[in-house]
Amino acid sequence: MSGMKFTRRRVLVTSGAALMTPSILSAQEVGQAARELSNEPPVSRNASSFSTQRWQDHFDSLGKGAIVADTTSRALHYWSADGQTYKVYPTSVPATEELTKRGYTEIVRKKVGPDWTPTASMMERFPHYKYMPPGPDNPLGTHAMYLSWPAYIIHGTHDTRKIGRRSSDGCIGLYNEKIEELFGMCPIGTQVRII
């Protein structure tokens, strides 16, 4: 045990914490101590820390509506044109900084039942990717809102494990039922900022 870091938890666990009542050490603390003893890495949680956003901090007016997609907190904020509706949705975000584009854009096209064609950069990394028609295996889910930036889309996903994670190739993904709701509220021309 030379070179081993002694923490309060480690001392308690190694000196008979099993005899202690649950009110002294929680199951989470016992699990953490056991991981420390076995040198396992800490468990990564799929949790977002939503930050409050105000449309006034991003746009001069609401125009036809406004969206702020926050890649740090993994949340999409939507305001209706009249300011009466404000919604926040959990999202998936680009997997890496290189895939993340930030700035101002707008919704230029919308499609129910989108098809999917992998981009050239995707094909370089994943040569087995192929065109997919609309359907349950399509990575764009049930609805897609295309931005003025080529190949950047706000869309749904059938793979709900992606929501709240860095998991996309540049797009912003929502649960299918949430993109359907957002799709119905956003006209073409809705302004978008990705931060």
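## Exercises on a predicted model

pLDDT (the predictor's confidence in each residue, from 0 to 100) stays under 50 over residues 33-48, and the model has 20 contacts (heavy atoms within 4.5 Å) beyond four places in sequence for this stretch. This is a predicted model, where local features need pLDDT of at least 70, side-chain atom pairs count only at pLDDT 80 or more, and totals for chains, interfaces and linings use all residues. Residues are numbered from 1 along each chain as its sequence is written, and side-chain values use heavy atoms, with hydrogens and water left out.

**Exercise 1. Find what pLDDT the chain averages, and where else pLDDT stays under 50.**

Step 1. The chain average is 81. Of the residues, 74% score at least 70.
Step 2. Residues 6-28 also stay under 50. The model has 22 contacts beyond four places in sequence for them.

**Exercise 2. Work out the strand order of the open sheet and name its edges.**

Step 1. Take strands as DSSP runs (E, at least two residues; helices are H or I, at least four), numbered from the N terminus. Two strands pair if DSSP finds at least two bridges between them.
Step 2. The 8 strands run in the order 3-2-1-10-5-6-7-9, with mixed pairing.
Step 3. Strand 3 (86-90) and strand 9 (172-175) each have a single partner strand, so one side of each lacks a neighbour in the sheet.
Step 4. Check one pair. Strand 5 (residues 103-112) and strand 6 (residues 143-147) are antiparallel over 5 bridges. Ile107 stands opposite Leu147 in strand 6.

**Exercise 3. Describe the largest nonpolar core.**

Step 1. A nonpolar core is a set of buried Ala, Val, Leu, Ile, Met, Phe, Trp, Tyr and Cys residues joined through side-chain atoms within 4.5 Å.
Step 2. The largest has 20 residues. Ile67, Met145, Ile172 and Leu182 are among those with the most contacts inside it.
Step 3. Helix 4 gives the most, with 3 residues.
Step 4. Ile172 is in contact with residues including Leu76, Ile154 and Ile194.

How values were computed: Buried means under 20% relative accessible area, exposed over 50%, partly exposed in between (1.4 Å probe, protein chains only).
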